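Hi,

Here is the structure I promised to pass on to you. Have a look at it first, and then read my notes below.

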Amino acid sequence: MTEPIELALLSESRIDPRPHNGLLTYNPSIELFAGAAGPKTLQIWRSNGQVVTRSNQRDERDSIEALRWKTDGQFLAVGWSDGVVRLMGLETNKAVHQIPICEAGKSQITCITWTRNNAGRHSGSTSAYSAMPWEELVSRDLFPSGRKATADLPRELTFLEVETALPKLSPLPASGGSGDDSFVFTTRASLEFLFQPFSPGESDKVDVMIVGTNDGQIHISIYDSFVIGTFQYNLQPPVQNAHLQLCHHASHPDLSTHMLVFKPSGEPNTTTMYLVPIDLTFIYSSPENLSLLASKTTTLQKLLRYVKQVQMHMMHEWQSTRELPTRFLNNINHTLRESENYSEMTIGQAMYHSVVTGHTFPEVREWLVDQLAERGHKRWDKAVVSGLQALRSLVHENLLPALERIGIILSRLLGIARFHESRAETGFTSTQINRIMDIVSCLMLVGNKILLAVMEELELFQSFSIWLRHEIDRLAVSSSTDELSEKEATMEHGKILAYIQQYMPASPLRYYLSNVPADHSETGRQQAESGSSLLELLTKQLKKQDSDQSDQATFSQVEFLCGYLEEKAGVIFEGIAEAEKRSVRFGQPTALELESKASKFDVTMSAVNNADTSQALTYTALVTKGSESSVYVFRTTMGVLNGISGSVTTEVSCMVLGDGKVLDLKFIYADSLLVLWAPKDQPLRIIRIPHKSEDLGYRPYTSGGKVTPHVLNNDQVTSAFLNFVVPCDPSFMPVQMEVKEARSDRGKIPPRVCLLGSDLQTYKVFALPEDPFREAMRNQGKKTQ
């Protein structure tokens, strides 16, 4: 009899409120767990029960439908009822990515899965030093075993990060933005988290997220937020009234073929499950720069979102500099018109007259002394000075640095486009990249023009503001004082007159920061598409503006340029996604038909790699409601050639585990199935079944065929399989189990078993002993290196 091992309790928490629909998940790399605290609130806790963050959607109507941590624990994907998956960053409580999946009300998100693949072909003969970064190489023995090790210099140059030499992007103000990204870029922590430099050590890793909906659609994205596309899966031949929904997804790092698990839509439990291979051949056959391409394009997407928010902030700040002064000036202009003494004279002309002659009209005097006064002048001065200074900072610290980064990324994409002759390989051409670089050059030029205009306006306004305050003080007293006379002597009247003439009625910044009507924007796009360089069109327009010629000023407007940049970049993103989407195909489905409904199940994949072909083995473990002591393990084998799956065969093993009840079951590592087992009148146990072992007696399986079980009594179960005792009060009965492998990303964390009690509030985390899994952990470590 195998001696049981007692598990060590790592933490125990009480969850309040209860997780909605059992939506609770433990972070794989740090002691955090997330859950739906009610239908509409996401909550993240520490293992000691401390709440890290609570969040919900702004309209507080959307509910949570699915949760999943990324494999490295850096992101939490949250599927909401509005059809959007929002990625929450580990270092921030904000949704840093928004991925639309489906239309709210027509379908709903049912499943989110996240796996990691190794990109490219795997011969298994690559030297351990061939992909080593040169910094690490020089720190090691350069001549291991008497053989000289060489760095892969082309690879090092490919993944050289130039952006790390640039100054860091600055956070945006907390107010002034708009939309879902209005608060994403407002803190240093969130910026550093979003714009982490690409690690060459991760260059052959591809993170794949698959989201399923209840109408049979699956949505695939890679590298956090780069969307590949949406696919509709239907059984062939079609089955009447059989709408499927994704309920699970499994993969192996060395296989670009993944396994999707579908069930009939709308059924919480089912007697039939469908295993459907999906070949992501772009992972297998793509060039080595797939990771470079995807990482650069996702960074470009984030930078475009950042620039969009900067543009909104810039327009907001400029409008704030005009709003209050315009209100003041409109009041006095209305007064002057009503007096009918000065024909069409405006306040600008009246002020110009006062500066030149020293005479002030009675209506203007009354306005300055009684209405504007000291308080109004302070408000005017603060609105303009603070707005212009904020605008200067936005251009200098936010817009131009972001455009520099975009330019560097575009140069990398241009190199990729030139290297690949065919657009079909990459999804974009060098001509497209050049056009986007042209738009970025225009934005750089306009940004510098704005800086010059802001600096000039700020200098002129400060002279005007001093004069305006002097006029208010002079007119408020009956006789002039020496102090006022001295101030007047130091004033720069040329700058005051320049501001009154050129900036007060209509600032030159209007050429860059005004709202662009839709028809003007469309006309500008048509002109830009006519074949002329956008930079040439902009240069001509700026010359007209400098000579005070009337012009619509479309090409110099930041709003137009940012929108046009976003549109053209979107074409690139769609082209890349379409190129990868063409290499996605579904394989031969396998139907697992059960005698009663499945209550718990889990799926894992393993690979057997040969010289030219691979074998993909999918293990599906499940327990049914009709036989809660039985564990079914289906082994599905298929050949994979050049990333394409072939014919499928299925075998099955069924074991009756004594008189105990199987509460849940999960795979961990490559060779272990953990079964949460509650034998009668005995402590709660976890049984480790080596699912790869031929001793389980796998037999050929055909859909709908009868499965003969291997019946074991309690003693045979505990003697045949390694088992762990779960130390807990007899009143604690788990209803849900989650298992996590050992991690060392942020300190060493042992393999864990997480149990949610039947009260849906008691949550216990136990450490699995490492010794029984040492070989599996060692093999896993080799695969992830």
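Gly212 has Ile218 in β13 as its bridge partner. The two strands involved are β12 (residues 205-213) and β13 (residues 217-222), which pair in the antiparallel sense over 5 bridges. A quick word on terms: helices (H or I, at least four residues) and strands (E, at least two) are DSSP runs, numbered from the N terminus, and two strands pair if DSSP finds at least two bridges between them. The hairpin of β12 and β13 has 3 residues between the strands, and Gly216 takes a positive phi near 85° there.

On to the next partner of β13: it pairs with β14 in the antiparallel sense over 6 bridges, and here Ile220 stands opposite Gly229. This hairpin, too, has 3 residues between its strands, with Tyr223 at a positive phi near 50°. Is β13 mostly covered or mostly open? Mostly covered, as 5 of its 6 residues are buried. (Buried means under 20% relative accessible area, exposed over 50%, partly exposed in between, with a 1.4 Å probe and protein chains only.)

Before you go further, keep in mind that this is a predicted model, where local features need pLDDT of at least 70 and side-chain atom pairs count only at pLDDT 80 or more, while totals for chains, interfaces and linings use all residues. Residues are numbered from 1 along each chain as its sequence is written, and side-chain values use heavy atoms, with hydrogens and water left out.

Now the whole chain. The secondary structure comes to 17 helices and 32 strands, and buried residues make up 54% of the 785 residues. Of the contacts with a separation of 6 or more, 65% are between residues 24 or more positions apart; contact means heavy atoms within 4.5 Å.

There is an open sheet of 4 strands in the order β2-β32-β31-β30, with antiparallel pairing. β2 (8-14) and β30 (734-740) stand at the edges with a single partner strand each, so one side of each has no neighbour in the sheet. Strands of a sheet pair through backbone hydrogen bonds, either parallel or antiparallel. β2 and β32 (residues 762-767) pair over 6 bridges, and Glu12 stands opposite Lys764 in β32.

In strand β3 you will find Asn21, which has a positive phi near 55° although it is a residue other than glycine. Asn21 is exposed, with a relative accessible area of 63%.

Another hairpin is made by β5 and β6, with 4 residues between them, and Gly49 in the turn has a positive phi of about 95°. β5 (residues 42-46) and β6 (residues 51-55) pair in the antiparallel sense over 4 bridges, and Leu42 stands opposite Ser55.

Next, helix α6 (residues 347-357). Which of its residues are buried? They are Ile347, Gly348, Ala350, Met351, Ser354 and Val355. What covers them includes α5 (290-339), α7 (362-419), α9 (430-476) and α11 (493-503). Just after α6, Gly358 takes a positive phi of about 85°.

Last, the rings. Rings of Phe, Tyr and Trp (its six-membered ring) pair if their centres lie within 6.5 Å; planes under 30 degrees apart count as stacked, over 60 as edge-to-face and the rest as tilted. By this rule there are 20 aromatic pairs. Tyr233 and Phe262 form a stacked one, 5.2 Å centre to centre with 20° between the planes. Tyr233 lies in the loop between β14 (226-232) and β15 (244-250) and Phe262 in strand β16 (residues 257-264), so the pair ties together parts 29 residues apart in sequence. Both count as buried: Tyr233 at 7% relative accessibility and Phe262 at 0%. Elsewhere, ring pairs link Phe328, Trp380, Phe461, Phe464, Trp467, Tyr499 and Tyr503 into a cluster.

Cheers
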